[in-house]
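This briefing is intended for a reader new to the structure.

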Amino acid sequence: MKVRNVYYGLRHGISEANEQKMIVSDPSNGVPRYGLSSAGRTMASNMLQLTRTGAGKVMFEPSNTVVYSSDFLRAAQTAEIFCSVHNLPPAIPDTRLRERFFGRLDGGSDSAYDAVWARDASQEGEDTEYGVESCESVCNRLRSFLQDVELAHEGKNIVVASHGDPLGFFQVVMQGLDPKSHKTLPPMRNAELRRMDGK
């Protein structure tokens with residue numbers, strides 16, 4: 001997809017939910033609670049410092065940058081750390097960057113992710129068994145976000161602070177891939193910053 005800006009994905013740092021190995025995808029839980037753990041804050045700060053010094057995989061130039069974030073607490077706190085490291089204005093919250101909704105699996109063990117991802121690769125449409133948000137549904141809200149940002153900005157670095165699955169789908173949208181192929185891309189680590197166009 002041809003765009004007027006350079007897009008970077010920023011996955012949230014290790015959260016309290018990650019440490020509890022629990023799925024938290026419902027906004028009623030994820031927006032006010034389950035932010036970064038103490039270890040997650042330290043890790044995010046350390047990793048994001050590397051984007052400033054050039055010691056990490058991405059040497060990030062903060063000039064001319066706009067940061068958007070999921071309003072889930074774990075992503076918003078990660079964006080806050082990133083903005084602080086690079087002396088940037090606060091991130092702009094956008095609900096379209098929220099975690100993928102995992103339906104009846106929400107609140108359960110994160111061991112259920114593997115079954116969802118296997119179904120992603122093998123079926124079309126909605127997941128009627130667990131009520132998990134479909135690949136296409138996530139891609140549609142991310143396309144909507146991308147279209148609005150493209151209308152609002154040109155020649156900017158756009159940092160998108162979000163979650164593992166949405167950032168995988170954002171790469172799919174940017175690179176024109178099949179939504180069902182999102183897990184064939186290298187997974188993003190917690191607090192990792194990555195260009196979304198594959199360059």
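**Strand S1 and its partners**

- Tyrosine 8 has arginine 195 in strand S5 as its bridge partner. S5 comprises residues 193–195, runs antiparallel to S1 and is joined to S1 by three bridges.
- Strand S4 (residues 157–162) runs parallel to S1, with six bridges between them. Within this pairing, valine 6 is opposite asparagine 157 of S4.
- Two strands are taken to pair if DSSP finds at least two bridges between them. Strands are DSSP runs of E with at least two residues, helices are runs of H or I with at least four, and both are numbered from the N terminus.

**Burial of S1**

- S1 spans residues 6–11, and five of its six residues are buried, so the strand is largely enclosed by the rest of the structure.
- Buried means under 20% relative accessible area, exposed over 50% and partly exposed in between, with a 1.4 Å probe and protein chains only.

**Positive phi angles in loops**

- Lysine 21 is not a glycine, yet has a positive phi of about 55°. This residue lies in the loop between helix H1 (16–20) and helix H2 (27–30), and is exposed at a relative accessible area of 55%.
- Asparagine 87, also not a glycine, has a positive phi of about 55°. Asparagine 87 is located in the loop between helix H4 (73–85) and strand S3 (92–93), and counts as exposed at 71% relative accessibility.

**Basis of the values**

- The model is predicted: local features need pLDDT of at least 70, side-chain atom pairs count only at pLDDT 80 or more, and totals for chains, interfaces and linings use all residues.
- Residues are numbered from 1 along each chain as its sequence is written, and side-chain values use heavy atoms, leaving out hydrogens and water.
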